[in-house]
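Work through the exercises below with the model open. Try each task before reading its solution.

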Amino acid sequence: MGNVIHRGIGLELVQSGRVESNGVRHMVTRDGRRVTITDVASHARVSTTAVSKVLRNAYGVSEAMRVKVQAAIDELGYRPQAAARAMRGRTFTFGVVLPHIRNPFFADILDGLDEQIAGAGYQAIIVQGSGRDTEAEVRAIDALVDRQVDGILVVAPVIARVRLEEMARNTPTVVLGRHDRSAVYDSVLDDDEAGAELAVEHLIALGHRRIAHITQKDVGSVRSVTLLHTIRARTYERVMAEHGLAGHVALAATSYTEEGGHQGARELLARSPRPTAIFAGADQAAFGVLAAVHEAGLAVPGDVSVVGYDNARAAGLSHISLTSVDQDGVIMGKTAGRLLLERIEGRTTAVRFSVTPTLVTRRSTAPPPAPA
């Protein structure tokens with residue numbers, strides 16, 4: 001396109017002039033300099049502090065200021081240098097520790113997190129902590145700390161609170177999914193008691209009495225009362241008892257995985273009389289339940305109704321159509337990102353954010369079959 005000259009305030013930019021750095025093309029000024037934050041500030045007629053605040057998505061920045069600065073950034077092709085930012089004390093990365101990477105609900109959390117932090121120039125580094133091995137989780141966290149991430153989001157951790165607080169004293173930390181309280185790290189959680197109650201009450205309202213539940217085995221040294229799977233299981237037992245159904249309580253403790261759901265469902269379906277409904281503590285486990293019911297030659301929901309928890313996107317696919325408790329993973333991820341950014345900006349008081357779940361009913365639940 002030739003050398004098209006863009007004249008800003010005190011800046012001449014050659015649109016075709018670019019330099020390569022680690023495979024990334026960057027805009028340069030006529031004298032060969034890389035475009036800097038000062039150039040952006042001059043072009044937008046604002047201070048460098050204002051530009052910095054927009055880049056960091058800091059509080060107190062008006063929408064008009066944000067639009068003006070972003071326009072200058074776009075016009076000049078400005079890209080902050082990660083190395084330079086790290087030298088100023090930040091790496092502009094957040095670490096995320098997941099129990100494992102197969103759970104589709106975690107994708108919703110990551111979508112929300114990325115949506116929140118991308119505008120501030122941050123990226124997420126994801127590591128797997130096993131979810132069943134405290135040592136693996138500690139190694140995953142240590143790997144992120146060694147990489148000097150600016151903050152860490154730990155999803156459903158199994159390590160003790162004291163270890164989390166030790167980390168949080170040095171690195172801003174958000175814990176997602178645990179119900180323990182801390183004055184050191186922030187928490188994002190679902191009201192798991194309300195969610196489990198929605199699931200069980202729904203099945204009882206349909207006429208089910210033999211309702212079973214698939215939960216997860218305890219691991220690590222965490223007090224079980226703070227773990228979401230314990231809260232969901234205890235709520236199931238409570239609601240069943242409140243409706244005079246304590247004698248029909250049937251639990252299978254496996255894992256919140258497809259394999260765990262499949263194994264748990266096979267155990268439950270082998271009982272006599274078999275349950276007419278199964279409430280799985282996670283959608284991923286519910287997917288395994290659906291497979292086990294099909295393998296047993298039974299129909300969903302004609303013979304067995306199935307309810308999951310998470311309302312992962314796959315639950316809404318027409319061939320699955322799983323009734324599920326929605327805890328809005330995108331909102332949880334966005335909130336975690338916002339809390340990490342607030343910590344970076346200097347907030348020191350702990351925040352505890354709870355999501356109110358809802359029940360999304362689909363074709364996997366219906367009244368129980370009529371007695372033979």
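**Exercise 1. The sheet with mixed pairing**

What is the order of the strands in the open sheet with mixed pairing?

Solution. The model is predicted, so treat each step as a reading of a prediction.
- Step 1. Trace the sheet from one side to the other: β10-β9-β11-β12-β13-β15. That is six strands, and the sheet is open.
- Step 2. Find the edges. They are β10 (250–254) and β15 (358–360), each of which pairs on one side only.
- Step 3. On average, neighbouring strands here are turned by 20 degrees against each other, direction ignored.
- Step 4. Zoom in on one pair. Strand β12 (residues 305–310) and strand β13 (residues 323–326) run parallel and are joined by four bridges. Asp310 has Asp326 in β13 as its bridge partner.

**Exercise 2. Helices across that sheet**

Find the strands that helix α9 and helix α10 lie across.

Solution. 
- Step 1. Take helix α9 (residues 228–242). It lies across β9 (211–216), β10 and β12. Its direction is at about 160 degrees to β9.
- Step 2. Take helix α10 (residues 258–269). It lies across β9, β10 and β11 (277–280). Here the angle is about 150 degrees, taken to β10.
- Step 3. Classify the angles. Over 145 degrees counts as roughly antiparallel.

**Exercise 3. A helix pair**

How do the axes of helix α1 and helix α2 cross, and which residues meet?

Solution. 
- Step 1. Helix α1 covers residues 37–44 and helix α2 residues 48–55. Their axes come within 8 Å and cross at roughly 105 degrees.
- Step 2. The two helices are therefore roughly perpendicular to each other.
- Step 3. List the contact. From α1 come Ile37, Thr38, Val40 and Ala41; from α2 come Thr48, Val51, Ser52 and Leu55.
- Step 4. Sort the residues of this contact: five are nonpolar, three polar and no charged.

Methods. Residues are numbered from 1 along each chain as its sequence is written. This is a predicted model: local features need pLDDT of at least 70, side-chain atom pairs count only at pLDDT 80 or more; totals for chains, interfaces and linings use all residues. Side-chain values use heavy atoms; hydrogens and water are left out. Axes are lines fitted to C-alpha atoms, for helices over the stretch in contact, and angles run from 0 to 180 degrees between N-to-C directions. Angles under 35 degrees count as roughly parallel, over 145 as roughly antiparallel, 65 to 115 as roughly perpendicular and the rest as oblique. Contact means heavy atoms within 4.5 Å. Ala, Val, Leu, Ile, Met, Phe, Trp, Tyr, Cys and Pro count as nonpolar, Asp, Glu, Lys and Arg as charged, and the others, Gly among them, as polar. Two strands pair if DSSP finds at least two bridges between them.
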